[in-house]
Amino acid sequence: MYRYTWRTGVLEVVMILVALIFLFPIYVLFNLAFKATGDQSSTLAPPERFTFDNFAQAWSQGGLGNALINSAIVTVVTIAMIVIFSAAAAYPLSRVGARWSKITYFAFLAGLLLPVQLALLPLYQIIRDLGLLGTLWGVILVGVGGAMPFSIFLYAGFMRALPAEYEEAAALDGASAFRTFWSVVFPLVRPITGTVAILNAVWTWNDFLTPLLYLSGSQQKTITVAVYGFVGQYGAQWNLIFAGIIISILPILVAYFLLQKYIVQGFAGGLKG
Amino acid sequence: MGTPALRESATLFPKKRRRPHRGYASSVWWFVLPAAVLYVFAVVVPSAQGSFFAFTDWDGVSPNPSPVGFEQFTKILSDPNAVIAIRNTLLVAIVVMVVQNILGLLIALGVNSRIKSRNVLRVLIFAPVVITSIAVGFLWKNLLAPDGAVNQGLEAIGLGALRQNWLGDPDVAIWAIMIVMIWQFVGYSMVIFLAGLQGIPDEVLEAASIDGAGSIRRFWDIVRPMLAPAITINLMLSLISGLKVFDQVWVMTQGGPGGATNTISTLIYSNAFQLGRFGYGAALAVVLTIFVAIASAIQYRLLARQES
């Protein structure tokens with residue numbers, strides 16, 4: 001049934017054309033970043049000569065290296081905490097039939113309804129009063145707390161579908177609840193751990209509003225805040241700005257192209273968010 | 001929606017537990033504690049406080065805000081900026097939802113075929129989803145400038161008549177922002193539709209084909225009903241994220257020109273953090289919460305119906 005007919009060929013041409021139009025902005029992004037500052041040719045024309053000057057300048061003046069490290073720290077710590085805390089919480093919530101467990105589960109789910117804007121202003125005060133303003137911990141704790149509803153929702157759904165026999169066997173062998181969770185349940189839910197980690201990693205790395213609020217004015221910056229400040233500083237020097245933007249998105253793009261199969265699966269696995 | 005386990009995981013309604021477990025009861029509280037503490041700290045307490053401030057005249061600094069009842073809410077209705085922002089928010093959410101999903105579905109059908117470039121195209125079209133919204137915003141701010149690449153590109157292919165001052169014209173700017181959002185997230189819709197399409201067995205389509213059903217007929221009678229969950233999820237994901245849109249607008253126009261591209265989120269930010277009107281910002285946040293809650297309730301109903 002699936003031969004490569006002339007109709008498939010037409011479809012192929014159409015789809016490639018669509019993709020070319022779609023990638024036009026990316027072409028401009030790289031094109032400008034490789035152009036020398038004085039290059040007067042049109043945005044669309046390729047550079048008269050390729051230069052890496054913009055990248056070198058953006059790197060040395062934008063504090064982007066530091067910001068990338070901060071973003072990496074924030075993302076790794078946030079994801080580790082999200083995975084451990086939400087998996088642990090989802091375990092009893094999906095296994096214990098008691099009323100408190102259902103109430104707690106739905107109390108977590110209610111968080112899905114609340115837009116971050118509602119909590120933004122008071123949370124800013126709380127973070128300030130705790131002395132966490134301008135620290136990465138402020139961003140991390142806010143990120144982990146905010147990620148609980150969706151992550152617990154994903155974990156609980158997956159754990160409910162898991163047969164309880166393994167845990168019962170472990171319990172018969174005298175394993176504690178903690179041991180059962182860590183050695184039996186947690187390894188079994190690996191697929192959904194992948195989804196939770198990937199979705200939250202992309203969101204955390206790309207988040208702008210939270211670090212903007214809690215880090216602005218401080219020396220600690222994540223990459224999104226650094227790029228924002230960088231653009232403000234260099235106004236209309238688009239060659240430089242675009243080089244800075246490329247540096248900022250390169251780590252996640254490289255990760256994406258290396259792990260694209262898992263990342264796409266991760267997004268598709270989080271379907272019912 | 002790859003494995004059966006994953007599909008099961010998405011069940012909204014917990015089934016009855018098979019049998020109660022012994023030995024859990026006392027120790028399991030500790031499992032929930034860290035998550036609960038952080039959730040209460042980062043979501044529950046500040047959201048409750050936020051709702052409370054919506055009924056006060058708090059400026060963010062004074063120690064004793066006084067209660068003003070529903071005054072902040074009635075102010076919203078008489079504030080032309082807020083009316084525009086609410087209209088923009090609903091417009092963006094609905095237009096982006098419709099267009100992004102139609103395009104996402106068409107692209108998904110295209111790359112779900114036997115074309116040779118299908119894997120490459122999937123990877124490329126999804127790529128903007130993982131890029132920071134602010135990088136996307138700055139990139140497009142440049143592209144959409146009066147002498148930017150979009151206008152030059154239109155000129156180059158003979159469509160110079162379509163040139164616009166994309167972000168500077170109050171009537172056009174909000175539409176330009178929608179184009180950017182659709183460009184960024186159409187890959188997300190595509191991936192979810194693809195997951196749905198791959199759950200449709202080839203044999204069913206083959207059988208229909210042998211029975212003489214054309215491709216449009218096959219799509220409408222077989223593919224569409226089997227895609228129903230993916231369609232619902234896609235519509236709701238894009239609707240809710242459209243309602244909350246902030247980054248792209250803030251980076252490209254800061255709500256301008258003249259407030260023409262404000263959304264509820266940008267107005268909350270500027271009122272609370274630039275103008276010191278915390279109470280008013282909080283009231284706007286409550287309005288946004290209501291919109292999101294309504295959208296979520298609809299989603300919950302639709303998914304529940306599909307599952308039963």
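This tour walks through a predicted model with two chains to select, chain A and chain B.

Because the model is predicted, local features are reported only at pLDDT of at least 70 and side-chain atom pairs only at pLDDT 80 or more, while totals for chains, interfaces and linings use all residues. Residues are numbered from 1 along each chain as its sequence is written, chains are lettered from A and ligands numbered from 1 in the order in which they are written, and side-chain values use heavy atoms, with hydrogens and water left out.

**Stop 1: chain B by itself**

Among the contacts in chain B (heavy atoms within 4.5 Å) with a separation of 6 or more, 69% join residues 24 or more positions apart.

**Stop 2: where the chains meet**

Now show both chains and select the residues in contact, which are 105 from chain A and 105 from chain B. Between them the two chains bury about 9400 Å², 76% of it on carbon and sulfur atoms; this buried area is the accessible area (1.4 Å probe) that two parts lose on being put together, summed over both. Helix α1 (residues 6-33) of chain A gives the largest share of the side of chain A that touches chain B, namely 15 residues. By class, that side has 80 nonpolar, 17 polar and eight charged residues, where Ala, Val, Leu, Ile, Met, Phe, Trp, Tyr, Cys and Pro count as nonpolar, Asp, Glu, Lys and Arg as charged, and the others, Gly among them, as polar.

**Stop 3: the largest nonpolar core**

A nonpolar core is a set of buried Ala, Val, Leu, Ile, Met, Phe, Trp, Tyr and Cys residues joined through side-chain atoms within 4.5 Å. The largest one here has 191 residues, and those with the most contacts inside it are Tyr155(A), Phe242(A) and Trp140(B). Helix α8 (residues 173-198) of chain B supplies the largest share of this core, 17 residues. Centre the view on Trp140(B), which, leaving aside its neighbours within four places in sequence, is in contact with Pro25(A), Val150(B), Val180(B), Trp183(B) and Met252(B).

**Stop 4: salt bridges**

Over all chains there are four salt bridges, each a side-chain nitrogen of Lys or Arg within 4 Å of a carboxyl oxygen of Asp or Glu, and the count between chain A and chain B is zero. Select Arg95(A) and Glu167(A), whose side chains meet in one of them (2.8 Å, N to O). This pair links helix α3 (residues 64-95) of chain A with helix α7 (residues 165-172) of chain A, 72 residues apart, and both Arg95(A) and Glu167(A) are buried.

Next, in chain B, select Arg163(B) and Glu155(B), which form a salt bridge (2.7 Å, N to O); Arg163(B) is partly exposed at 38% relative accessible area, and Glu155(B) is partly exposed at 44%.

Notes
Helix = DSSP H or I, 4+ residues; strand = E, 2+ residues; numbered from the N terminus. Buried < 20%, exposed > 50% of the residue type's maximum accessible area, 1.4 Å probe, protein only.
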